[in-house]
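Open the model in your viewer and keep the selection tool ready. We will go stop by stop.

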Amino acid sequence: MLASRLNDHARARGAVLPTDALLRYRNGRPATYRRDDLLWKRIGRRLPWVAAQGITTHWLRHTTLTWVERHFGYAVARAYAGHTDRRGPATTYIKADLHAVAAALAALTGQPHPLAVEQRGLPRPPT
């Protein structure tokens, strides 16, 4: 569902090719980390609990990766985060495949994923 909505957004902003930039201002300039920061400040003004908890995109990423690690293990969380072992040999034996990452995403979102290996009893995120 998220990929579909992002595709709709990209097309509404004039994207034609799959490689066209997604997060841009209406004038075509790329969005920066500063835009993200200002967006969270605006959200915090509307929802005081967001400001009080210090919620940001990084906070959401950390919380998501913590949930994935607790339910699917360290290897899946590393792969979910996009971490690779190219920087050093310390954890090259800890790996997860794309199907395990897709299963974690499907469990987290409650949405089916075409690459997720069918597993019964997948953990569900808190609601």
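Select Leu 105. This residue is partly exposed, because its relative accessible area is 31%, and partly exposed covers the range between under 20% for buried and over 50% for exposed. Leu 105 belongs to helix 6. Keep in mind that the model is predicted.

Now show what surrounds Leu 105. Leaving out residues up to four places away in sequence, Leu 105 touches Tyr 80 and His 113. Val 68 and Leu 105 are 37 residues apart in sequence, yet the C-alpha to C-alpha distance is 8.4 Å.

Next, the core. Select Trp 67, Val 68, Phe 72, Val 76, Ala 77, Ala 103, Ala 104 and Ala 107: these 8 residues make up the largest nonpolar core.

Zoom in on Trp 67. Is Trp 67 buried or exposed? Trp 67 counts as buried because its relative accessible area is 10%, and the cut-off for buried is under 20%. Show the rings of Trp 67 and Phe 72. They form an aromatic pair of the tilted kind, with 6.1 Å centre to centre and 50° between the planes. A search of the whole structure finds 1 aromatic pair.

Move to helix 5. Which residues of helix 5 are buried? Select Ala 75, Val 76, Ala 77, Arg 78 and Ala 81. Arg 78 is on that buried list along with Val 76 and the alanines. The buried residues of helix 5 pack against helix 4 and helix 6. Step just past the end of helix 5 to Gly 82, where phi is positive, at about 85°.

Now jump to Arg 29 and Tyr 25. The charged end of Arg 29 sits over the ring of Tyr 25. The distance from that charged end to the ring centre is 4.8 Å.

Finally, zoom out to the whole chain. Colour by secondary structure: there are 6 helices and 0 strands. From the N terminus on, the order of elements reads α-α-α-α-α-α. Switch to a surface view. The accessible surface of the chain is about 10,100 Å², and carbon and sulfur atoms account for 57% of that. Of the 127 residues, 19% are buried. Among contacts with a separation of 6 or more, 24% join residues 24 or more positions apart.

Conventions
Residues are numbered from 1 along each chain as its sequence is written. This is a predicted model: local features need pLDDT of at least 70, side-chain atom pairs count only at pLDDT 80 or more; totals for chains, interfaces and linings use all residues. Side-chain values use heavy atoms; hydrogens and water are left out. Helices (H or I, at least four residues) and strands (E, at least two) are DSSP runs, numbered from the N terminus. Buried means under 20% relative accessible area, exposed over 50%, partly exposed in between (1.4 Å probe, protein chains only). Contact means heavy atoms within 4.5 Å. Accessible areas come from the Shrake-Rupley method with a 1.4 Å probe; for residues, only the protein chains shown count as cover. A nonpolar core is a set of buried Ala, Val, Leu, Ile, Met, Phe, Trp, Tyr and Cys residues joined through side-chain atoms within 4.5 Å. Rings of Phe, Tyr and Trp (its six-membered ring) pair if their centres lie within 6.5 Å; planes under 30 degrees apart count as stacked, over 60 as edge-to-face and the rest as tilted. A charge sits over a ring if NZ of Lys or CZ of Arg is within 6 Å of the ring centre and within 35 degrees of the ring normal.
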